[in-house]
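Have a look at it first.

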Amino acid sequence: MQISTTTRRITLLLGLPALVFLVFFFLLPLVDVLRNSLIDPTLTFENYADLFSSRVYAQVFFKTFQIALVVTLLCLALGYPTAYVISALNSKRLQSLALIFVIIPFWISLLVRTYAWMVVLGRTGVVNSLLLTLGLIDQPLRLLYIRFSVLVGMTHILLPFMILSLYAVMQGIDRRLVSAAATLGAGPVRAFLTIFLPMSMPGVAGGSLLVFIMALGFFVTPALLGGRGDIMISMLVETQARQLLDWGFAAALSAVLLGITLVVLVIYHRLIGLDRLWSV
Amino acid sequence: MERVKLSRSQIRGIIATWRLRNLLSMLVTGLAILVLIFLVLPVFVIIPISFSSAQYLTFPPPGLSLQWYQQYFGGRDWIAATIQSLQVGLGTVVVCLLLGVPLAFALVRTSFRGKFLVDALVISPMILPAIILAIGDYLLFVRLRLVGTTWALILGHAVIALPFMVVNVRATLKGVDPDLERAASSLGAPPLAVFTTVTLPLMMPGVITGALFAFIISFDEVVIALFLSGPYTQTLPMRMWSGLRYEIEPTLAAVSSLLIIFAAVILIIVQITQSHHTEEPR
């Protein structure tokens, strides 16, 4: 197709305001973070030196990775069978109904979803009341403000991303291939392991990396559901900046978190292609 | 055709495989149903709690009362925060419409060198941890003397809402045949008229969904708001945050229930717009 150069120029110009906006209000703040990490209090690498020399901060980074990894595995373990069943449904109507269940949480406020887990897991919450009434326990269990509640809350919030990533790939897998394997004598387990599982790997990789990236930067859920020990990087940044007013150190922490996130994003791009994120 | 004779043990093998398959599919389906329940149920537990007559969080509610709704509607701070959030949300939608729709149009209708970088730039605010942007926004807006203003919140939120607008508009725009535009302009319509009478109506479902997304992103945002708002620009999520951080205020159950209903209404609008879109003949 032929578009005249003038039309093309005008069309390109239409995108310009948004790009200027992003340079000013997205890139510039990121540059400010880097700048501040190097000049606050004075021109120095001290913030980074502090960061890398302290055991306490190393532990926060380790915990953040650990939590993000466990949440990713939980999402995969729960999301894979769910996406498998949804994509195998014969009726389109049932499929979209199941997908609505997956999408509903997206539209509900993150704070509301986190609060819901406080109601469910609290001392006088749903689970404890139920177990007490049934006589299974005589003291309320401690289910909230521990690592467990952080994992439950984060998995609940990130699971839809995993299911949708997996579903997008599984939907394109021709299931007759699995039937063919069965006809040729493979048992259901073997047919799944040799045919379906390898073909669904792009979904597994994409969903896992996406969930992992998002989990690394989580703030609200671990801050509200976690105990004293469950401090993630984002929470440390907030404490340093808003409570201790050490903006230089907060900026250095943010810069390191940014670096880690970008590394995982590059891996995502190499494996899956970043364009997957916007061309769904 | 030759008839295949199966031995007894072969038949037994087939039956065993069939049983195993049934058992596995039942197990997997059961797990999937549990996961779907896990996704939605906790949220709906809040609704009965919101009508509780108890003074503290307890389940099941000992009696019914509208006290928490009265607390919300009678609470000056709650209402002020809600109005502030609505303002910021609408402002975010307007900014995202003005910037996002033309950008999506340019990205779909042209190709140029370095387009991938533009795509990556537009999409990355969606995935980067909000805390990084919150720190950066604060440092920038302090210099611009905008911290504590509604404008700071709108601009901060527009950055993270813009990708959702662009992705949605792009998706529908890809389905709009450029030949229709060319037909209109060959009949003498000036470019602006082509856009408003042909392109815009056809990409409306994406614009509406994108706008609703942008609104919800802003209306729900807490991390950037914690850094950018001042004493007079507290948003609803910030008010909720302080109600959850140190002690759990029961009023939150009422606020949350209202937000769930609000989300349901928006989801229904989106579903209607989308289904209307897909039913349209191509």
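In this predicted model, Ala205(A), Leu209(A), Phe212(A), Ile213(A) and Leu216(A) of H10(A) meet a set of residues in H13(A) that includes Ile260(A), Val264(A), Tyr268(A) and Leu271(A). Residues are in contact if their C-beta atoms, placed from the backbone, lie within 7 Å. Helices are DSSP runs (H or I, at least four residues), numbered from the N terminus.

The axes of H10(A), residues 188–216, and H13(A) come within 10 Å and cross at roughly 170°, so the two helices are roughly antiparallel. Axes are lines fitted to C-alpha atoms over the stretch in contact, with angles from 0 to 180 degrees between N-to-C directions; over 145 degrees counts as roughly antiparallel.

H13(A) itself covers residues 247–271 and reaches 36 Å from its first C-alpha to its last, close to the expected 36 Å; the expected span is 1.5 Å times one less than the number of residues. Gly273(A), with a positive phi near 95°, follows H13(A).

The contact between the chains takes 74 residues from chain A and 71 residues from chain B. Helix H2 of chain A (residues 16–39) gives the largest share of chain A's side, 13 residues.

| H10(A) with H13(A) | 11 residues | one residue | no residues |

Residues are numbered from 1 along each chain as its sequence is written, and chains are lettered from A and ligands numbered from 1 in the order written. Local features need pLDDT of at least 70 and side-chain atom pairs count only at pLDDT 80 or more, while totals for chains, interfaces and linings use all residues.

Methods. Contact = placed C-beta atoms within 7 Å. Parallel < 35°, antiparallel > 145°, perpendicular 65-115°, else oblique. Nonpolar A, V, L, I, M, F, W, Y, C, P; charged D, E, K, R; others polar.
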